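Subject: Structure for your review

Dear colleague,

Please find below the structure I wished to hand over to you. My findings follow it, arranged by topic.

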Amino acid sequence: MALNVFDHDEYRPPVWKSYLYQLQQEAPHPRRVTCTCEVENRPKYYGREYHGMISREEADQLLSQAEGSYLIRESQRQPGTYTLALRFGNQTRNFRLYHDGKHFVGEKRFESIHDLVTDGLITLYIETKAAEYIAKMTINPIYEHVGYTTLNQEPTLKKHLTHSPDTPDGPVPTKDDCNAEERLTSLVRRATLRESDLAPKYEKVHNFKVHTFRGPHWCEYCANFMWGLIAQGVKCADCGLNVHKQCSKVVPNDCQPDLRHVKKVYSCDLTTLVKAHNTKRPMVVDMCIQEIEARGLQSEGLYRVSGFSELIEDVKLAFDRDGEKADISSNAYEDINIITGALKLYFRELPIPLITYDAYPRFIETGKITDPEKRLESLHESLKLLPPAHWETLRYLMAHLKRVTQCEKENLMSSENLGIVFGPTLMRAPELDAMTALNDIRYQRLVVETLITNEDVLF
């Protein structure tokens with residue numbers, strides 16, 4: 001019997017491991033209705049649950065014996081398509097069934113029909129019994145009590161962890177049981193993080209991916225059970241937060257990436273990287289620029305001359321493996337063009353360019369403005385569209401490139417030359433046709449050239 005969870009006007013999350021978990025245990029179990037005769041042209045990926053081309057009425061009659069009964073039939077209306085007929089709530093429900101190596105009727109894909117039906121029955125049962133409850137799950141989330149909003153409130157956190165009946169993992173272990181870091185769930189770990197006073201407070205959205213949890217799991221936003229056989233919810237690939245899919249839509253943009261999840265430097269989202277390492281800018285940008293300014297500003301063709309590609313890859317691997325401990329000194333890489341190549345490669349491999357896809361059209365329109373003062377004014381407004389970590393990194397890079405131009409007599413690199421090099425590196429057209437992207441190159445150059453020339457005014 002379903003629990004009465006609406007006795008009070010104010011909605012409260014249930015005791016952990018109770019209501020939705022209980023409903024999953026109560027859900028009907030799958031009962032395969034097998035075909036007793038041999039069916040011609042049975043698809044090889046279906047078993048004896050396949051009954052061939054039978055009518056809805058015949059399927060209904062075969063399934064009328066028990067809840068959870070199921071069979072597969074070929075559609076009479078559309079031969080060559082297949083239907084999963086499932087008994088639930090004393091009626092037969094029909095779902096168009098697909099196979100692409102795995103079985104599916106919706107987003108989730110399953111290795112077997114049995115698993116698909118098991119998950120479907122759980123979902124139907126819970127959504128039938130607790131539709132109103134599910135709709136209210138996000139109203140009073142536990143996340144507000146022990147999430148990022150209490151980063152610096154350890155006494156409050158301890159009160160919730162030691163006295164709340166909602167604690168999922170039983171009594172808090174003693175010091176002898178295990179290391180404090182090891183015993184924290186991702187939610188509690190996030191709650192006990194202390195931000196450095198110098199740490200940049202960049203906002204970052206969570207990088208949620210559909211995830212299959214092994215064994216019972218509970219949402220770290222609303223504290224409710226995550227039901228289903230597979231793909232019960234989503235997990236943030238950067239910080240490890242586990243939540244329902246519907247809860248992921250209301251979780252604050254407060255992802256705090258964990259180095260256990262962020263394992264690369266190159267090809268990693270820029271904001272994710274700086275938050276994971278608690279820095280203002282990517283360490284690869286700071287370290288490469290410092291190395292270049294220490295020994296390479298007068299090098300002829302700086303940034304235009306290419307370094308040996310295999311050694312540039314070595315630098316990339318060093319950063320991915322060792323992070324800020326990577327050795328890029330002259331002892332390791334004598335040719336400064338290897339370091340400039342590694343820096344350019346970092347920007348080229350960003351999944352979201354330094355000048356982001358969202359801001360790209362505005363920057364290109366700015367490049368088309370012929371009046372210098374109006375272009376500068378438009379560029380100032382365009383910069384406001386960049387995420388804070390991107391803005392800060394671009395500011396630092398432009399200040400560096402300005403210093404490069406101050407040694408133009410020796411290195412022969414003007415702001416125009418650097419614009420040609422860095423335009424396509426920092427700005428990438430978002431899914432434009434080849435001709436449009438080609439036409440954009442001159443505007444990319446103009447934008448970067450203007451940024452370098454007017455770096456002291458714009459930033």
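In which strand is Ser 69 found? This residue belongs to strand β2, which covers residues 69–74. Please note that the model is a predicted one.

Ser 69 and its surroundings

Ser 69 has a relative accessibility of 4% and therefore counts as buried, the limit being under 20%. Its side chain reaches the backbone oxygen of Ala 66 at a distance of 2.8 Å. Leaving aside residues up to four places away in sequence, Ser 69 touches Arg 31, Val 33, Leu 63, Ala 85, Leu 86 and Arg 87.

The chain as a whole

There are 20 helices and 8 strands in the chain. Of its 459 residues, 48% are buried. The accessible surface comes to about 23,900 Å², and carbon and sulfur atoms account for 49% of that area. Where contacts link residues at least 6 apart in sequence, 63% of them join residues at least 24 apart.

Nonpolar cores

In soluble globular proteins, nonpolar side chains tend to be buried together. In this chain, the largest nonpolar core has 64 residues. Those with the most contacts inside this core are Tyr 303, Phe 319, Tyr 346, Leu 397 and Leu 426. Helix α13, residues 336–348, gives the most to the core, with 8 residues. A second, separate core has 46 residues, among them Ala 27, Ile 126, Cys 219 and Tyr 221.

Leu 426 touches Phe 347, Pro 353, Leu 354, Ile 355, Leu 394, Leu 397, Met 398 and Val 448, again not counting residues up to four places away in sequence.

Helix α12 (residues 309–322) has 14 residues and reaches 20 Å from its first C-alpha to its last, close to the 20 Å expected at 1.5 Å a residue. Its buried residues are Ile 312, Val 315, Lys 316, Ala 318 and Phe 319. These cover an arc of only 155 degrees around the axis, which means that they lie on the same side of α12. The face turned away from that buried side carries the exposed residues Glu 310 and Arg 321. Cover for the buried residues of α12 includes α11 (283–295) and α13. Just after α12, Gly 323 takes a positive phi of about 60 degrees.

Leu 345 has its place in helix α13 and is buried, with a relative accessible area of 9%. Beyond residues up to four places away in sequence, Leu 345 touches Tyr 266, Ile 312, Glu 313 and Lys 316. Leu 345 and Lys 316 are 29 residues apart in sequence, yet their C-alpha atoms are 8.3 Å apart in space.

Helix α15

Helix α15 has 12 residues (372–383), which should span 16 Å at 1.5 Å a residue; its end C-alpha atoms are 16 Å apart, in agreement. The buried residues of α15 are Arg 375, Ser 378, Leu 379, Ser 382 and Leu 383. Seen down the axis, they fall within an arc of 140 degrees, so they line one face of the helix. An α-helix has 3.6 residues a turn, so residues three or four places apart point the same way. The face of α15 turned away from its buried side carries the exposed residues Glu 373, Lys 374 and Glu 377. What covers the buried residues of α15 includes α14 (360–367), α16 (388–405), α19 (434–453) and α20 (455–458). At the N-terminal end, Asp 371 caps α15, with a side-chain oxygen 3.1 Å from the backbone nitrogen of Glu 373.

With kind regards

Key. Residues numbered from 1 in each chain as written. Predicted model: local features only at pLDDT ≥ 70, side-chain atom pairs only at ≥ 80, totals over all residues. Heavy atoms only, no water. Helix = DSSP H or I, 4+ residues; strand = E, 2+ residues; numbered from the N terminus. Expected span 1.5 Å × (residues − 1). Buried < 20%, exposed > 50% of the residue type's maximum accessible area, 1.4 Å probe, protein only. Arc of directions from axis to C-beta. Contact = heavy atoms within 4.5 Å. Polar contact = N/O pair within 3.5 Å; in protein donor to acceptor, adjacent residues only side chain to side chain. Core = buried A, V, L, I, M, F, W, Y, C linked by side-chain atoms within 4.5 Å. Areas by Shrake-Rupley, 256 points an atom, 1.4 Å probe, with all protein chains shown as cover.
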